[in-house]
Amino acid sequence: MSATILQPGQIEAPAGSIPFLRLPERDEIFRERAARLRQLAPGHALQDFLLFMAAIADAQQAALMAFSSVPLPDEIRLALCREHGMPPLSAQGWQRDPAWHNALRKIAAQVKENATPASREALSRLEAMDGAALEKLADAVLSGQYSGADLAALPFIAAALQVYWTHMTTTLGAKAFDRIAVAQVCPACAAPPSVSVVHIGSSEGLRYLNCALCGTQWHMVRIKCSNCESTKDIGYDMIEGASGAVKAETCDACASYLKIMYMDKDHQVDPVADDLATLTLDLMMDEQGKLRSGPNLFLITDSDTPTP
Ligand code: FE
Ligand code: FE
């Protein structure tokens, strides 16, 4: 039997067969994030912060592996959502199971030792809170309405909610979800994208938006604003002297930007780790008067951001 050598054009996905969704790998998502953060940290201006975020990612992976079974939408509900283009695990509409409080307590216990005094105080406040107070903070994270909330505590709430939503989406699997009516938000949970990623391998050159909450990625064509869907006046900015693996995709029509990461420039880019390690790019965009269109839930500041 003679072997056939495939030429590059033959191994590209034919039109129509592009996988719309990429769910995170449950066994690896946070572990790989921690490894990437540790790779980016040495010599970085934010070294200590990145290393602490690595400790949080490790704790998230442990909490995900130990997550108890929780109520999920049944097949009838999922089919109805697919039929009507609705997200079945809507960040703002889904009735949260208190199991995520356990994930929070596990994460808090695991990272406390390495936390700064301010974070340690925030963790102590969280440990003393009852379920109702935790749910109120979760509402703040998921609605993007942070005014008056305990800002130092919110990243830990976000970490636990990411684990809970990642648990739900990876338990249901990609077949549970389909395109929804709005292309700019996650088809599983309706949260906005934190960044987008251009892939390599079997998805070579395809761009996926990365959900800030559940880590699901969904396809969107390139050179298109992920906020207003304009295809005109899209620009790409990067930090001078950087590798070009992370750029800001800017849109003049809505004066916004979202970071875009290129795996062909660095195949280890991680949507959260590389976002945190390129805050200089956010400052540069701020100077240009461009607003970031999707949140990084670990960088919650006093002003309200786009709603997950
Ligand atoms: Fe999502
Ligand atoms: Fe736009």
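User: How many cavities of 30 Å³ or more does the structure hold?

Analyst: Because a cavity is a set of points where a 1.4 Å probe fits but cannot get out, open pockets are left aside here. With the limit set at 30 Å³ or more, the number of cavities in this predicted model is 3.

User: Which element gives the most residues to the lining of the largest cavity?

Analyst: The largest cavity has a volume of about 90 Å³. Of its 18 lining residues, Arg33, Gln162, Cys211, Ala212 and Val272 are the closest to the centre. Two or more lining residues come from each of helix H1 (29-40), helix H7 (154-172) and strand S3 (207-211). The element that gives the most, with 3 residues, is H1.

User: How many charged residues are in the lining of the largest cavity?

Analyst: Sorted by class, this lining has 10 nonpolar and 6 polar residues. The number of charged residues in the lining of the largest cavity is 2.

User: Is Gln162 buried or exposed?

Analyst: Gln162 is placed in helix H7 and is among the residues closest to the centre of the largest cavity. Leaving out residues up to four places away in sequence, Gln162 touches Phe30, Gln60, Ala212, Leu213, Leu297 and Phe298. Its relative accessibility is 4%, and buried means under 20%. Gln162 therefore counts as buried.

User: Which strands each supply at least two residues of the lining of the second largest cavity?

Analyst: The second largest cavity has a volume of about 50 Å³. Its lining includes Glu249, Thr250, Cys251, Ser256, Tyr257 and Leu258. By class, the lining has 5 nonpolar, 5 polar and 1 charged residues. The strands that each supply at least two of the lining residues are S6 (246-251) and S7 (256-262).

User: What is the arrangement of the donor atoms around the iron ion (ligand 1)?

Analyst: The iron ion (ligand 1) is coordinated by the SG atoms of Cys186, Cys189, Cys211 and Cys214, at 2.2 to 2.3 Å. These 4 donor atoms subtend angles of 94 to 123 degrees. Four donors count as tetrahedral if all angles lie between 85 and 135 degrees. The arrangement around the iron ion (ligand 1) is therefore tetrahedral.

User: How many residues apart are Cys186 and Cys214?

Analyst: The donor residues of the iron ion (ligand 1) have the sequence spacing C-x2-C-x21-C-x2-C. Cys186 lies in the loop between H7 and strand S2 (193-198), whereas Cys214 lies in the loop between S3 and strand S4 (217-219). Both Cys186 and Cys214 are buried. This pair links distant parts of the chain, and its separation is 28 residues.

User: What is the arrangement around the iron ion (ligand 2)?

Analyst: Cys225, Cys228, Cys251 and Cys254 coordinate the iron ion (ligand 2) through their SG atoms, at 2.3 Å. Along the chain these donors follow the spacing C-x2-C-x22-C-x2-C. The 4 donor atoms subtend angles of 106 to 115 degrees, so the arrangement is tetrahedral.

User: Is Cys228 buried or partly exposed?

Analyst: Cys228, in the loop between S4 and strand S5 (234-237), is paired with Cys251 in strand S6, so parts 23 residues apart in sequence are tied together. Cys251 has a relative accessible area of 1% and is buried. The relative accessible area of Cys228 is 33%, which means that Cys228 is partly exposed.

Notes. Residues are numbered from 1 along each chain as its sequence is written. Chains are lettered from A and ligands numbered from 1 in the order in which they are written. This is a predicted model: local features need pLDDT of at least 70, side-chain atom pairs count only at pLDDT 80 or more; totals for chains, interfaces and linings use all residues. Side-chain values use heavy atoms; hydrogens and water are left out. On a 1 Å grid over the protein atoms alone, a cavity is a set of points where a 1.4 Å probe fits but cannot get out, and a pocket is an open set with protein on both sides within 12 Å along at least five of seven lines; lining residues have an atom within 4 Å of a point. Grid points are joined across faces, edges and corners, and a volume is the space filled by probe spheres set on the points. Helices (H or I, at least four residues) and strands (E, at least two) are DSSP runs, numbered from the N terminus. Ala, Val, Leu, Ile, Met, Phe, Trp, Tyr, Cys and Pro count as nonpolar, Asp, Glu, Lys and Arg as charged, and the others, Gly among them, as polar. Donors are N, O and S atoms within 2.8 Å of the metal (3.2 Å for Na, K and Ca); water is not among the atoms, so sites may look incomplete. Four donors count as tetrahedral if all angles lie between 85 and 135 degrees; four count as square planar and six as octahedral if opposite donors are over 155 degrees apart and all others between 65 and 115; anything else is irregular. Buried means under 20% relative accessible area, exposed over 50%, partly exposed in between (1.4 Å probe, protein chains only). Contact means heavy atoms within 4.5 Å.
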